Amino acid sequence: MKYISAQEAVSHIHDGDNLHWPCVAGAPEHLIEALVARADNGELHNIHISHLYTEGYADYVLPQYSEIFHLDSFFVGGNVRKATHSRQADYIPCSLSETSRMLRSGAVPCDVVLLTVSQPDEQGRVSLGIAVDYMPAAMEQARLIIAQVNKYMPFTYGDAVIELRQQGTMARCKNGREVPILLVQHDKELIDSAPMPLTETDIAIGRHTAQLIPDGATLQIGIGNIPTAILSQLGGHKDLGVHSEMISDDVMPLVEQGVINGRYKKTDPGKMAAMFLKGSRKLYDFVDRNPMLLMDEVGRTNSPFVIAQNPKVMALNSAIEIDLTGQVCADSIGTRIFSGSGGQLDFMLGATYSEGGKPIIAMSSLTGRGQSKIVPTLTPGAGVVTPRTLVQWVVTEHGAVNLYGKSIKERARLLIGIADPSCQDDLQRQAKEKGII
């Protein structure tokens, strides 16, 4: 294998190029730093960047680069949120299942893909490790791939595997196309995202939600304390499977106990499927060359048609706010994009059409500022990520209610019943004033 410096590798990026790189800790920070250094030297102009939620270094959205780098995220992370709010960066509204199609159709162009990959194995293959997302589709469209080879990136299977050919100068894509690839060796520990301590509210939500999950279910797991709390309550369950957008540290004890074994899954039986991992070094070591894990492209993991093939799909999602008719906002605070639609609608649809499936919205009843997340009407400008027609189970620390088949009046009464007690009288009053009940 021939390795070159990051500076030499990014010199092959041209003005006007469209760049893509992986999500979470899979973003190739060493290459991105070299890219920004070229901008500091006045060598680049009009570079377009797209990616999902990333962590760590993101200087390309700083104000001094506003005329050089233009970011259009598919999902807004904390490291680019301020730039997105100021309109220096932008957001592409989409369900994540569509991102692969956007690349393959040319709706979102791609010239160069920047990756972090594992060390090559004995067969000359590298792995995308913890972050596959839509990279297979991007690679198929790119004229060039630049890969940061990092010994700390675990080797995972599925669509994560990239076959290197001609002594590491060409990469074989999922569709068989071969694309020139440049390899840069740079070893750096991946960003560690260990779980945060659970609050009493988290634990109560986890307990109520766990009671809805039957043995033999297939789980979709989201990000944050609430999914952690739910998984912590499943030690007494049997024969659970995982088909998810992401996997965290919290699956490891359940796998080790035999609770998660994928026995009843129809797609990839006996295996866990995901498109990215977010966790600690312990998780990354756990998945390294672990045949139980399949890291697949987001166009497959998030396809409602694939999801629905599995039995008893439990789609575990959250919300920024939900109105009394059941409309869920999960991407914005009013008109300000906070995160993105992500895969929520993909999995809510998949669970709806899964035999025995349950689409579940699990959230705390109050915001960090003590305001009710259950509201009479959504904040003006808020995006509806999951329409009320698809919302069934809603869980807070105060209980769980099923809106399926319920009228507007019934929904309002049920949701008020699981709002924070300090907010219930005001919700009741506003619901009457607005003619909801």
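How many bridges join strand β23 to β25, and do they run parallel or antiparallel? I looked this up first: three bridges link β23 (residues 358-362) to β25, and the two run parallel. For my notes, strands (E, at least two residues) and helices (H or I, at least four) are DSSP runs, numbered from the N terminus. Two strands pair if DSSP finds at least two bridges between them.

Before going on, I noted that this is a predicted model, where local features need pLDDT of at least 70, side-chain atom pairs count only at pLDDT 80 or more, and totals for chains, interfaces and linings use all residues. Residues are numbered from 1 along each chain as its sequence is written, and side-chain values use heavy atoms, with hydrogens and water left out.

**Around β25**

I then checked the other partner. β25 pairs with strand β26 (residues 399-402) in the antiparallel sense, over four bridges. The two form a hairpin with two residues between them. I followed Val394 in β25: Ile361 stands opposite it, and in β26 its bridge partner is Val401.

Buried means under 20% relative accessible area, exposed over 50%, and partly exposed in between (1.4 Å probe, protein chains only).

**Helix α12**

Next I went to α12 (residues 344-352). Its buried residues are Gln344, Asp346, Phe347, Met348, Gly350 and Ala351. Among the elements covering them I found β23 again, along with β18 (313-317) and α10 (298-301).

**Ser341**

I looked for Ser341 and found it in the loop between β22 (336-337) and α12. Ser341 has a relative accessible area of 18%, so I wrote it down as buried. Leaving aside neighbours within four places in sequence, Ser341 is in contact (heavy atoms within 4.5 Å) with Tyr91, Cys94, Asp331 and Val385. I also checked Glu98: it is 243 residues from Ser341 along the chain, yet their C-alpha atoms are separated by 11 Å.

**The whole protein**

Last, I zoomed out and found 14 helices and 26 strands. The radius of gyration (taken over C-alpha atoms) is 22 Å, close to the 22 Å that the globule rule (2.2 Å times the number of residues to the power 0.38) gives for 437 residues, so the protein is as compact as a globular protein of that length. Of the 437 residues, 60% count as buried. I also noted that residues 24 or more positions apart account for 72% of the contacts with a separation of 6 or more.
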